[in-house]
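Dear colleague,

Please find below the structure that I am handing over to you. My notes on it follow directly after.

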Amino acid sequence: MGTSKGYIAPTRIEWSNSKKAVTQMLHNRNIDSFTKAASKFATAMKTDTNNKSIFSKAASGILGFSKNISDYGLNHALNQINRSDLIGKSSSEIWNELFNEYTNNSSTAEEALAADALSKSLSNLCIEDLEQLKDISQEILLKELLSNFISINFEFCFTEKIEKGRSPSEADQIIKEMQDYIRSVTYEKLNFDDIKTIDFNNLSSSQYIDKALKETYSIFEDLYTED
């Protein structure tokens, strides 16, 4: 989604450190600088709460829906969330309705970021028909959601800084390199063996997503240590 020109980054020390690390990354463009930038960004993101809870509720919703599709089929899944009115609709119509429901019509910046993470995750997993969700494991879907949420937030916070003095193609390449790094770490370092025991139809399951997101940030933090 990128950042708006009106975006003002927080001024807490964690965000100041994150901005400095991104500046160093732009000068060096090596794995160490990307690791440090991701680490400092993760620390800063852990200090925020609003976007975390919004994302957690949205991610819990799509995980519960996908599990019901996998176990019982699309129509049953719609009945489970009291949306029998959507039975017989196309996948795009159903998704648009649920997408807006999960993210409150993207009425705030935080909700829009969560919405972008959901949308990009389904796109990356090549989900065009919602029945295809039955072929995606809960663990893979959660990793995809987490990596996209973190990388989209990074892009939102730092696109303007990255674009300054660079061509659009160069700026896009830098953002893509960070996105690839975040996705690689998320897939390689995270393990959700217990995810099969979670009932994502229960609203309290969003606490599981909160914990998973915090664990992800901690992994990025630990990958960089000061000299």
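Ser-121 is a buried residue, with a relative accessible area of 0%. This is a value from a predicted model. Ser-121 belongs to helix 6, which covers residues 109–124. Leaving aside residues up to four places away in sequence, Ser-121 touches Glu-144, Leu-145 and Asn-148.

Confidence

The mean pLDDT of the chain is 89, and 92% of its residues reach 70 or more. Confidence is highest in helix 8 (residues 168–189), at a mean of 96, and lowest in helix 3 (residues 50–72), at 86. Over residues 1–6 the pLDDT stays under 50, although the model has 16 contacts for them beyond four places in sequence. Where pLDDT is low, the predicted coordinates should not be read in detail.

Helix 7 with helix 8

Helix 7 and helix 8 pack with their axes 9 Å apart, at an angle of about 150°. Helix 7 is therefore roughly antiparallel to helix 8, as angles over 145 degrees are counted in that class. The crossing of helix 7 past helix 8 is right-handed. On the side of helix 7, the residues that meet helix 8 include Ile-140, Leu-146, Ile-150 and Phe-154; among their counterparts in helix 8 are Ala-171, Ile-174, Met-178 and Ile-182. By class, this contact of helix 7 with helix 8 divides into eleven nonpolar, five polar and five charged residues.

Helix 7 with helix 9

Helix 7 (residues 138–163) also packs with helix 9 (residues 206–222), at an angle of about 60° and with the axes 11 Å apart. The angle makes helix 7 oblique to helix 9. Their crossing is right-handed. Helix 7 contributes Leu-142, Leu-146, Phe-149 and Ile-150 to the contact, and helix 9 contributes residues including Tyr-208, Ala-212, Thr-216 and Phe-220. The contact of helix 7 with helix 9 has ten nonpolar residues, one polar residue and no charged residues.

Helix 2 with helix 8

Helix 2 (residues 31–46) packs with helix 8 at an angle of about 75°, with the axes 11 Å apart. Helix 2 and helix 8 are therefore roughly perpendicular to each other. Ile-31, Phe-34, Thr-35, Ala-37 and Ala-38 of helix 2 make the contact with Ile-174, Glu-177, Met-178 and Tyr-181 of helix 8. In this contact of helix 2 with helix 8, seven residues are nonpolar, one is polar and one is charged.

With kind regards

Notes
Residues numbered from 1 in each chain as written. Predicted model: local features only at pLDDT ≥ 70, side-chain atom pairs only at ≥ 80, totals over all residues. Heavy atoms only, no water. Helix = DSSP H or I, 4+ residues; strand = E, 2+ residues; numbered from the N terminus. Buried < 20%, exposed > 50% of the residue type's maximum accessible area, 1.4 Å probe, protein only. Contact = heavy atoms within 4.5 Å. pLDDT = per-residue confidence, 0-100. Axes fitted to C-alpha atoms, helices over the stretch in contact; angles between N-to-C directions. Parallel < 35°, antiparallel > 145°, perpendicular 65-115°, else oblique. Left-handed = near helix turned anticlockwise from the far one by under 90°. Nonpolar A, V, L, I, M, F, W, Y, C, P; charged D, E, K, R; others polar.
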